[in-house]
Amino acid sequence: IALARSIVDSPRHRGRYVMPGQYDNPDNVRAHYETTGPEIWEQTEGQVRVFVAGYGTCGTITGVGRFLKERDRSIRIVAVEPQRGHHLPGLKNLEEAKTPSILDPSVVDEVIRVNDEPAYAMTERLFREEALMVGPSTGAIVHAITTLGDSVGGAIVGISPDGGQKYASFFADYLEDEAL
């Protein structure tokens, strides 16, 4: 990020490059407020009771959280945060990483901490049982949802932040192990 910033700010390159700054760009939040939030509200017919998203850029949890809270203050917004020293690409532990400036912590009602092992186990389970090729960040989100239990009394919506294409070797290793 520092190298990219130095190139963008360099007099030699001025005006040639743009840095979207997804961790600091209010348009990240606005995009989820204007699109993802309304889509969730409409598709659940307002029955969403809990929304779950990971701490990443924080645009999704802030934008969707704001939108849903404006519709119904009782909707719970749950953030998924990996443990310190994690290996879950795309997710941030806010104790060891810079908190994105676009995070609005006032919309978050609860934080669920997830270890690497259950996140990767859920990733494998989603592949094996549901034929979903997703990454470990999604595994962490789904694992967190399973810890919420059946007592929610309505729809739980989680965001799948990553596809499995980047993790082809993970799935290849799994398939190889299954063949043995």
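Where is alanine 131 found? The legends below, which describe a predicted model, begin with this residue.

**Figure 1. Alanine 131 in the loop between two helices.** Alanine 131 belongs to the loop between helix 4 (116-130) and helix 5 (136-148). Most residues other than glycine have a negative phi. Alanine 131, although not a glycine, has a positive phi of about 55°. This residue counts as exposed, at 65% relative accessibility.

**Figure 2. Cysteine 58 in the loop between strand 1 and helix 3.** Cysteine 58 is a residue other than glycine, yet its phi is positive, near 80°. Is cysteine 58 buried or exposed? Cysteine 58 has a relative accessible area of 2% and is therefore buried, since the term applies to values under 20%.

**Figure 3. The largest nonpolar core, with 17 residues.** In soluble globular proteins, nonpolar side chains tend to be buried together. In this model, the residues with the most contacts inside the largest nonpolar core are Ile40, Phe51, Ile61 and Leu68. Two or more residues of this core come from each of strand 1 (48-54), helix 3 (59-71) and strand 2 (76-82). Helix 3 gives the largest share, 4 residues.

**Figure 4. The surroundings of phenylalanine 51.** Leaving aside residues up to four places away in sequence, phenylalanine 51 touches Ile40, Thr60, Ile61, Val64, Leu68, Arg76, Ile77, Val78, Val157 and Ile159. Of these, Ile40, Ile61 and Leu68 are, like Phe51, among the residues with the most contacts inside the largest core.

**Figure 5. Another nonpolar core, of 14 residues.**

How values were computed. Residues are numbered from 1 along each chain as its sequence is written. This is a predicted model: local features need pLDDT of at least 70, side-chain atom pairs count only at pLDDT 80 or more; totals for chains, interfaces and linings use all residues. Side-chain values use heavy atoms; hydrogens and water are left out. A nonpolar core is a set of buried Ala, Val, Leu, Ile, Met, Phe, Trp, Tyr and Cys residues joined through side-chain atoms within 4.5 Å. Buried means under 20% relative accessible area, exposed over 50%, partly exposed in between (1.4 Å probe, protein chains only). Contact means heavy atoms within 4.5 Å.
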